[in-house]
Amino acid sequence: MYILYSEKLNKYYIGACINMERRLYEHNIGHSKFTSLGIPWKLLYTEQFEDLDAAKKRELQLKRMKSRKYIEELISKKK
C-alpha cells in the first residue's frame with residue numbers, strides 16, 4: 001500500500017500494488033487519467049503486506065477515513 005503526493009494538485013493518492021517501482025513509473029507517465037493531472041507524483045509512504053488483498057483492504061480503510069490529517073500524521077511518523 002502506498003501514498004503519493006502531487007505538489008501541482010496539493011493532493012494525496014492512496015493505492016496498492018505488487019511492484020511499487022513500476023506503479024510509480026505508471027503514475028508519472030500518465031497511465032491513469034486521474035493521476036496524469038498531478039504529474040510528478042512523489043512516493044511519501046509505504047506499508048508492506050503478505051499479499052495484495054491485505055494491501056487493498058488497508059487502502060480502502062484509509063480512503064474511507066477521508067482524513068488528510070491522518071494521512072499526514074502517518075507520513076510524518078514514518079520519517
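Biologist: Is Glu47 buried or exposed here?

Modeller: This is a predicted model, and in it Glu47 has a relative accessibility of 17%. Buried means under 20%, so Glu47 counts as buried. Glu47 sits in the loop between β3 (41-46) and α3.

Biologist: Which residues is Glu47 in contact with, leaving aside neighbours within four places in sequence?

Modeller: Those are Met1, Arg58 and Leu74. With Arg58 there is also a polar contact between the side chains, at 2.9 Å. Leu74, for its part, touches Ile3, Tyr45, Arg58 and Leu62 as well as Glu47, again not counting residues up to four places away.

Biologist: Now the nonpolar core. Which residues make up the largest one?

Modeller: The general idea is that nonpolar side chains tend to be buried together in soluble globular proteins. Here the largest core has ten residues: Met1, Ile3, Ile14, Ala16, Tyr45, Ala55, Leu62, Ile71, Leu74 and Ile75. A second, separate core of six residues includes Leu4, Tyr13, Cys17 and Trp41.

Biologist: And the sheet: what is the order of its strands?

Modeller: In general, strands of a sheet pair through backbone hydrogen bonds, either parallel or antiparallel. This open sheet of three strands is antiparallel, in the order β2-β1-β3. Because β2 (11-15) and β3 stand at the edges with a single partner strand each, one side of each has no neighbour in the sheet. Five bridges join β1 (residues 2-6) to β3; Ser6, for example, has Trp41 as its bridge partner in β3.

Biologist: Where does α4 lie relative to these strands?

Modeller: α4 lies across β1, β2 and β3, and runs at about 75 degrees to β2.

How values were computed
Residues numbered from 1 in each chain as written. Predicted model: local features only at pLDDT ≥ 70, side-chain atom pairs only at ≥ 80, totals over all residues. Heavy atoms only, no water. Core = buried A, V, L, I, M, F, W, Y, C linked by side-chain atoms within 4.5 Å. Buried < 20%, exposed > 50% of the residue type's maximum accessible area, 1.4 Å probe, protein only. Contact = heavy atoms within 4.5 Å. Helix = DSSP H or I, 4+ residues; strand = E, 2+ residues; numbered from the N terminus. Polar contact = N/O pair within 3.5 Å; in protein donor to acceptor, adjacent residues only side chain to side chain. Pairing = 2+ DSSP bridges. Axes fitted to C-alpha atoms, helices over the stretch in contact; angles between N-to-C directions.
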